Amino acid sequence: MKNILLLGSTGSIGISTLDIVRTFPDQFSITGLTANENIDLLIEQIKEFNPKTVVIRNKEKAGELKNRIGNKCEILTGDEGLIEISKRGNYEILVSAIVGFAGLNPTIEAIKQKKRIALANKETLVVAGELIIELCSQYNVELIPVDSEHSAIFQCLKGENKNNIDKIILTASGGPFLNKPTEELKNVTVNEALNHPNWKMGNKITIDSATMMNKGLEVIEAFWLFGLPKDKIEVIIHPQSIIHSMVEFADGSIKAQLSTPDMKLPILYALTYPERYSYHGVRTDFKLLNQLTFFEPDFDKFTCLKIAYEVIDEGGVAPSILNAANEVAVEYFLKGIIKFNQIPEIIRYALDKIFNHQRATLETIFESDFRTRELLKKKLN
Ligand code: NAD
Ligand code: MG
């Protein structure tokens, strides 16, 4: 039996993780759940999975939660509650599925507890990649990617010698605006941007997919996770999202990992690695797939992808500035305050204005995140 602490249980990855736990009741149990503010769903999850402790991050919701569940489990609140629950260490696997920068601190605490990290929260590696990789090696921690592309590469690399990698090829669906002319991007609505062709995900990552910043973040994530120079990380558009990513080796041979797109598969793999469980929840019928197609990404149309590659060269806390600016820009786009094509403009503005400390320590990362948010909130309000 493996005990799981699930951060972000009410989100898209959180719900899929619980679906896996429900499927394998003899293999997995839940020791902790956390949510930002969706107490209705959290209460359902508490009743079904009986965690010892939960965190409701929004403190205003704590009273109501307490009234409704009584003493069924311990309730912690706020960002400090997230850190505290990770520090408890009464679990074998942390599923890090909070969205955004908020996932960083509790993930670090779980690494210090020497727990396996099933990492969905890509922002953790984007803002603090070097630090996280160092900590994982210092504490001898298994960092298993949940992001489907990185899970695919991780699986393709099993049994291979890293020196034999020629390049990794990250596939991208291209999002809802793949075929929209650049000049029309300024007029797209929030609903159009939220209408992802292949994946049902949280709002932030869905907008990131529409701008292709999601792929940019994933390039940075791969850079740290697999320790390859950026010119060995290629992005290819593959609208069907059947091939989740590929690795090309020195001899020209290519390995790919494929399936019907469903996050339950990379989640399950991160929980069971290096084993594979018998699971029939997601299957792929090749007779029903009429074609797999591939295109080069348009870096001029999807500027966010270009900026993400540039930020790797800038180093220091530039990825942290990029991430914070993107989080603010996406939030303001979702609220209808800025237009879709302003998202990359705002990110560029922040990268120009905020000082890039070349030493990315936890302190400079937090500082640049804070400064970027302050700067942009002042500018946009
Ligand atoms: P989501 O918005 O559906 O869920 C986010 C979860 O985090 C919710 O439980 C929410 O309550 C919680 N949360 C939000 N803000 C918080 C805060 N400030 N503090 C604490 N908790 C907070 O997001 P998602 O789509 O499940 O994505 C989660 C993470 O996984 C993201 O980093 C995303 O990039 C990554 N990811 C998601 C998918 C996917 O298919 N959804 C695929 C790959 C990677
Ligand atoms: Mg992905």
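# Group meeting talk: two ligands and the chain around them

Okay, let's start with ligand 1: the shell around ligand 1 takes at least three residues from domain 1 (2-145) and at least three from domain 2 (151-262 + 288-380), with domain bounds that come from an automatic or database domain assignment. Before I go on, some housekeeping: this is a predicted model, where local features need pLDDT of at least 70, side-chain atom pairs count only at pLDDT 80 or more, and totals for chains, interfaces and linings use all residues. Residues are numbered from 1 along each chain as its sequence is written, chains are lettered from A and ligands numbered from 1 in the order in which they are written, and side-chain values use heavy atoms, with hydrogens and water left out.

Back to ligand 1. Which residues come nearest? Out of 23 residues around ligand 1, those are Thr10, Asn36, Arg57, Glu123 and Gly202, where near means that a heavy atom of the residue lies within 4 Å of the molecule or strand. By type, the shell splits into 11 nonpolar, 8 polar and 4 charged residues. For that count, Ala, Val, Leu, Ile, Met, Phe, Trp, Tyr, Cys and Pro are nonpolar, Asp, Glu, Lys and Arg are charged, and the others, Gly among them, are polar. Helix 1 (12-23) and helix 6 (122-138) each give the shell at least two residues. Helices here are DSSP runs (H or I, at least four residues), strands are too (E, at least two), and both are numbered from the N terminus.

Now some atom pairs. Gly11 has a polar backbone atom 3.1 Å from an oxygen atom of ligand 1, and for Ser12 a backbone N or O atom sits 2.9 Å from an oxygen atom of ligand 1. Arg57 uses its side chain instead, with an N or O atom 3.4 Å from a nitrogen atom of ligand 1. How much of ligand 1 does the protein cover? On its own, ligand 1 has 830 Å² of accessible area, and the protein covers 89% of that. Those areas come from the Shrake-Rupley method with a 1.4 Å probe, and for residues only the protein chains shown count as cover.

Next up, the magnesium ion, which is ligand 2. Its protein donors are Asp147 (OD), Glu149 (OE) and Glu218 (OE), at 2.1 to 2.2 Å from the ion. Donors means N, O and S atoms within 2.8 Å of the metal (3.2 Å for Na, K and Ca), and with water not among the atoms, sites may look incomplete. If you want to find the donor residues in the sequence, look for the spacing D-x1-E-x68-E. Asp147 is in the loop between strand 7 (143-145) and helix 7 (148-156), while Glu218 is in helix 10 (residues 213-226), so this pair ties together parts that are 71 residues apart in sequence. Asp147 and Glu218 are both buried; buried is under 20% relative accessible area, exposed is over 50%, and partly exposed is in between (1.4 Å probe, protein chains only).

Buried or exposed? Glu327 counts as buried, at 13% relative accessibility. Its side chain makes a polar contact with the side chain of Arg373, at 2.9 Å. A polar contact is a pair of N or O atoms within 3.5 Å; within protein, one must be able to donate a hydrogen and the other to accept it, and residues adjacent in sequence count only if both atoms are side-chain atoms.

Tyr273 and Pro274 are joined by a cis peptide bond, with omega at about 5 degrees. Pro274 is in the loop between helix 11 (264-272) and helix 12 (303-314). Helix 11 itself is mostly covered, with 8 of its 9 residues buried, including Lys264, Pro266 and Tyr269. In the loop between helix 11 and helix 12 you also find Lys287, and that residue is exposed, at 74% relative accessible area.

Last, two residues other than glycine with positive phi. Asn50 has phi near 50 degrees; it lies in the loop between helix 2 (39-49) and strand 3 (53-56) and is partly exposed, at 48%. Lys114 has phi near 60 degrees; it lies in the loop between helix 5 (104-112) and strand 6 (116-119) and counts as exposed, at 57% relative accessibility.
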